[in-house]
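Here's a quick tour for anyone meeting this structure for the first time. Take a look at the model, and then we'll walk through it from the inside out.

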Amino acid sequence: MTTPSTTTTTSPAAVRSAAGASRRGALGPVGLVLAGGVSVQFGAALAVNLMPRAGALGVVTLRLAAAAVVLLLFCRPRLRGHSRADWGTVVAFGVTMGAMNGLFYQSVARIPLGAAVTLEVLGPLALSVLASRRLVNVVWAGLALAGVFLLGGGGFGDLDLVGVAFALAAGAMWATYIVFSARTGRRFPQADGLALAMAVAAVLMLPLGIAESGTKLLDPTTIALGSAVAVMSSVLPYTLELLALRRLPASTFAILMSLEPALAATAGFLILGQALSPVQAAAIALVIAASMGAVRTQVGRGKARPPVAPEA
């Protein structure tokens, strides 16, 4: 005989608690992405000041090498027990990471930082449209795209075309980075895959950095500043993003990446003294609105399916 104490019920309080847990679970990875974005943009502001000392590829080399050392010492990833597919994924992730950084700094050497970031964001935005299975995410991506073009002044005709090409290529690598970061996070525990991929990226960029900067890379001050850039622009944000991608759809993550121009503008104002124009402020407002809409869509989808209390 079934007694009241053994009957499966779902009280309103339980449903509200489950919905709240779902909301917090969805916002958790979003917070990781935003924290990573703040770190990487303030690190980029520091890197701008370092480029005259070490060159664009030199800064990338220092950044990736220092980040690889820190992550390998901290994570101590296990080298045995991984399949060929695991190694293929982590190598592809490392190559993508190195190419993304190298292409972006080559772009910054030729066109303004704001325009370079704006063009680079187009890669994740394109991924958000291609990866999404919900029509509303296309709307948010379109709104963010409008903000990106407004931030770029409505056109890029006066920019160096080689710099524009580097920025667009960096955007494509950024979208690829998102895909392989998620795959690496699923195949390797903790941040082990990230540490191994960072080592691959550092080895890839080392000959290029030496060819451009030579002995400048051995200057103690340059090494110290490069290490700071590594922690702010690589170690912390990449780790946070890898953890976030274990719980966040790639399409939502890609739209959140459209916040980067806003974060870059904030870092530029606070660190480099770069003020915002009214048009730039309006563009940032559009991008933030699109990102908030994407987050609310994701949270709403989790809230719409509250879990049922398990049977006793």
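Let's start inside, at the largest cavity: 19 residues line it, and Val40, Gln41, Arg63, Glu120 and Trp174 are the ones nearest its centre. Keep in mind that this is a predicted model. The space in this largest cavity comes to about 300 Å³, and the structure has three cavities of 30 Å³ or more. As for what the lining is made of, 12 of its residues are nonpolar, three are polar and four are charged.

Which helices each supply at least two residues of that lining? Here they are:

| Helix | Residues |
|---|---|
| α1 | 12-54 |
| α3 | 84-108 |
| α4 | 113-131 |
| α6 | 161-187 |
| α8 | 220-245 |

Now for the overall build. The protein has 11 helices and zero strands, so to speak an α-α-α-α-α-α-α-α-α-α-α run from the N terminus on. Among contacts with a separation of 6 or more, 89% are between residues 24 or more positions apart.

Next, the core. The largest nonpolar core holds 68 residues, and the ones touching the most other members are Phe93, Met97, Tyr105, Tyr177, Ile178, Leu194 and Met198. Helix α2 (residues 56-75) gives this core its largest share, with 11 residues. In soluble globular proteins, nonpolar side chains tend to be buried together.

Of the protein's 312 residues, 48% count as buried.

Note on methods
Residues are numbered from 1 along each chain as its sequence is written. This is a predicted model: local features need pLDDT of at least 70, side-chain atom pairs count only at pLDDT 80 or more; totals for chains, interfaces and linings use all residues. Side-chain values use heavy atoms; hydrogens and water are left out. A nonpolar core is a set of buried Ala, Val, Leu, Ile, Met, Phe, Trp, Tyr and Cys residues joined through side-chain atoms within 4.5 Å. Buried means under 20% relative accessible area, exposed over 50%, partly exposed in between (1.4 Å probe, protein chains only). Helices (H or I, at least four residues) and strands (E, at least two) are DSSP runs, numbered from the N terminus. Contact means heavy atoms within 4.5 Å. On a 1 Å grid over the protein atoms alone, a cavity is a set of points where a 1.4 Å probe fits but cannot get out, and a pocket is an open set with protein on both sides within 12 Å along at least five of seven lines; lining residues have an atom within 4 Å of a point. Grid points are joined across faces, edges and corners, and a volume is the space filled by probe spheres set on the points. Ala, Val, Leu, Ile, Met, Phe, Trp, Tyr, Cys and Pro count as nonpolar, Asp, Glu, Lys and Arg as charged, and the others, Gly among them, as polar.
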